[in-house]
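I opened my notebook today to look at how two chains meet. Come and read along with me.

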Amino acid sequence: MIDPAMAEDLTISQSHSTWQLDATLLVFEPFRTMVSHHLQQRLRKLQGRYQRNLIKLGRLPRVQLPLQLQAVTELIHSLNSLWQDIQLVSHWVKNDSANEWLAAFLGKDTTEAAHQLAQKELQPLLSILLHHATIRTMEKTAVVVRQSEHAGNAYLLLAGQACALQVKEKALFRQRPEQHPWYQRLKQNLLPSQWVERRDTRRYDAAQQVTVAQGRDSYLRIPDLTEAHQPGTPEPKLLETGELFGAVAALQHSPHYRTIVVTSEQAILLEIRWQGVRQLARFDRGFRQFLDEQYRRHRLPALLQQQPILLGLNKSQLEHLATVAELDSYGAMDWKSVSDQNSDQRKSRIEQSEPLIIKEGDYANAVIFIRAGYARKSKAYGHSERALDYLRQGDSYGFQEVLGGIQLRSQQVSELSEAHLPRYSCTIRAVGYTDIIRIPARELEKVLAANKASTPPEAPQPAALPPSQQHELLVHEASDLLEFFIDQRFIYGTQTMLINLDRCTGCDDCVRACASVHDQNPRFIRHGHQHGGFMVANACMQCSDPLCLDGCPTGAIYMNNAGTVVINDDICVGCSTCADNCPFDNIQMVKIVDEHGKPVHANDHQGKLVPQLKATKCDMCTGQLNRPACELACPHDALRRVDIHQVEKIRDWLA
Amino acid sequence: MNSYVVRRRLVYLLVLGLLLASTLILLSLSNLSMPSEVYCTGWGLLAVMGLLVSYHWRKKLLFLNFGGVRYWLRLHILFGLYGVALFFIHIDFSWPKGLFNQLIATVFLLEVGSGMVGLYLSRTMPPRMTWLGERLLYEKMPEYYQQLRQQAEDLALQAAAEHHTDTLVKFYNRNLQSFLLGAANFWPHVFNSGQVRSRWALKFEGLQRYLVEDELPVVTELRILVFRKIELDKQYAIQGLLRRWLFLHIPLAYALFIFVLAHVMVIHSFSGV
Ligand code: SF4
Ligand code: SF4
Ligand code: SF4
């Protein structure tokens, strides 16, 4: 429960605020700018969404639409809740100064003059919180995070209790019928429904029992934890006030291990988006060290173990490498697609927006692993750099060079001149944000020397290190494609829809096929970014690091075991978080109708009756026998779902 | 043409040759009398037609695990060509007698012709469109036309207000208004004629004689709009053509199928077989 004093503080009142910084927050110019910037961004997004939906419904032409009144109300509401959040956090900072985590977080003794500290040093913190954090209040049995869900947020338990456990998939509504029976499919094909986005609303009954729908503050409940507990998994672990969870996973954007459920009557949580966690880690060294330590202990050995070159190492050796590894972060979260006119523009853009991680020709003194994000691998070419490949989470670079150096030293060449030093053959740059792990060559050498068996019998000679001439040629031809994919950030895609424009006749068989298996509404638009003879259509690419999963309040959108991002329609509350988060605009919010074609309505957070929205996107025809329907339906082999990593295969298909 | 396409076409020819050769060998080995041979090839032709029509149903029943439509199209083309050969064997390379038979033969040839044209179009038109800039959705084109028209109208009116002359407005009313109303010059664009562009270039040159220096930038902008409209027209024409040929091919196929069934029934009732 919120204590009454705190509740009083929550009301927006500039005159009664006990803390000066709060009251004058909006008077300060930087804050005003920040808030107005935030609002503008939100306005743009909302406007875009409304336009898209309206245009999709065919109601209005594609002209400037006035912003809906509803959106403005929503904005004011969000400003209010932001304001409340700031006040609550301020209050918490002031009152709970003995909190251990806070001490680590601030890296200082908070007992002295919290007020001044806040005035001076908490401004950046508040700015991060303003952008990336909210206070969530949840009732007993509410699910805070779900196991194997991509972590979009970290949580700090401000008040109340929760417990961490592994639950049955059924409790999270992840078990949908994987295959529709054949007669249903035949009916779907031969007698399509006359209604677009028709749903069997009876299906929602079970879900409604356990869903608390309050827009973005919605959540799922697990009423009976004993029943939901997955047998054979560790006993539930109790989490107390002050506990921070999900931060390491959020930093890496990797899955949560456990499901966390509120066990007290009410819990108050500070929800920090992963971007916020990253910024907090930058803002405060203590916090970063705390996260790094957690990562080193719990996740790094497992990542190292997966590396083929380190396969022979034993547990203690891996742990040693994990201890000596340096963790580093590069780049920023935000990105935008770009196109350059000339090499100068390109060079300066790359230099500015893609920080250097490794420079071609530098002494190869470490091996790097990508912990989170993406990196461009390129070589100097002409006046700029030419992309050879890109690295994603779990990929490494520098082994060959470092091993070459180790072998050279082991041969005890009498005179090791400058020319003999192993050098990196490529440049590595951060694309967007990139977290890396750097293992120093000398440590690797020590471990490999102690474990001779694990050294590959024939470590490559330095001379043979660069790729063979033939391979280089092949890659160079494909590099134009790669540059395009990297610049437009299509490298996220594992099932990107490519349309070969030299073959596509525009017959729309693909669109019809998709509609026929998806409630008469195609899940993609046969239009998109064009590059030479092909187009990347507006269809979900099933990203390897899907941003759309961030912040779904009920966990309705998730990545299934096949790596496909799917939406569980039953527990989707229509809050549009995923649609706003997808940087490629590949999620559409649609209005649904019931079995008789009547629009379905729901109550919004003010109790008003509004059309029930549901998020829809390409789900790779999950549940269909023959898939993906779009690719199968194309008579001219003009449409393929491709993994962007296989750029040479793509090039061959496009040729 | 890349080596993969060449190889694929060679395989096509080979399979087709084999099919034909085996049909001819079978026919000659079986030593049938003329009426029985016609009877056999007739049934064969009907089976081939059934196979050809099944392509359309394959597209409708996508949920069946029968392979991608692209493979079915290849089969459709292959059996289409085989069907033509079988047809000529069936009619013994001479134009049939009797009005009904002639009707069937005509529809058959029209069907084959429309198929060939469709195949040709779907292989040659997409690459042409690739270089016309952004590939637009056919259904959305009226919107683009409307946008272009609006922009051009605004430009002409703005120029008139700024320079107090009505030359541009008159030019707009007389030449541009109707041109920008919607798609135009369907056939010239289908045949890739450069005439339309040259004609407009001439018109603009003629117009420039009567304008003051300050109005020239507006003319340049108008000219860009017109050229964009021409590109749009080209895409509209090509995409339209790629859709329309099917309106001939599919109804003809079903008409043919019905005629052939009637033909079979007539033969059965009168031949006493
Ligand atoms: S919806 Fe968007 S972010 Fe999510 S997987 Fe698809 S393309 Fe990626
Ligand atoms: S894979 Fe299925 S859902 Fe996705 S676009 Fe293709 S047909 Fe639609
Ligand atoms: S089915 Fe193939 S040819 Fe037809 S519109 Fe789709 S991609 Fe183009």
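**Where chain A meets chain B**

I began by looking up the contacts, and 35 residues of chain A are in contact with 34 residues of chain B. I reminded myself that this is a predicted model.

Next I wanted a size for this meeting place. The size of an interface is often given as the accessible area lost when the parts come together. For chain A and chain B I noted about 2,800 Å² buried between them, with 51% of it on carbon and sulfur atoms.

**Charges and polar contacts**

How many salt bridges does the rule find across the interface of chain A and chain B? I wrote down three. I picked out a salt bridge between the side chains of B:Lys59 and A:Asp509, at 2.9 Å from N to O. I also looked up polar contacts and noted 11 residue pairs between chain A and chain B, both residues at pLDDT 80 or more.

**The chain A side**

Which elements of chain A give two or more residues to the side that touches chain B? My list reads α7 (182-190), α19 (509-517), β18 (525-531) and α21 (629-633). The largest share comes from α7(A), with five residues. Sorted by class, this side of chain A has 16 nonpolar, nine polar and 10 charged residues.

**Ligand 3**

My last stop was ligand 3, and I found 13 residues surrounding it. The closest are A:Cys504, A:Cys507, A:Asp508, A:Cys510 and A:Cys634. By class, I noted seven nonpolar, three polar and three charged residues in the shell around ligand 3.

Methods:
Residues are numbered from 1 along each chain as its sequence is written. Chains are lettered from A and ligands numbered from 1 in the order in which they are written. This is a predicted model: local features need pLDDT of at least 70, side-chain atom pairs count only at pLDDT 80 or more; totals for chains, interfaces and linings use all residues. Side-chain values use heavy atoms; hydrogens and water are left out. Contact means heavy atoms within 4.5 Å. Buried area is the accessible area (1.4 Å probe) that two parts lose on being put together, summed over both. A salt bridge is a side-chain nitrogen of Lys or Arg within 4 Å of a carboxyl oxygen of Asp or Glu. A polar contact is a pair of N or O atoms within 3.5 Å; within protein, one must be able to donate a hydrogen and the other to accept it, and residues adjacent in sequence count only if both atoms are side-chain atoms. Helices (H or I, at least four residues) and strands (E, at least two) are DSSP runs, numbered from the N terminus. Ala, Val, Leu, Ile, Met, Phe, Trp, Tyr, Cys and Pro count as nonpolar, Asp, Glu, Lys and Arg as charged, and the others, Gly among them, as polar. A residue is near a molecule or strand if one of its heavy atoms lies within 4 Å of it.
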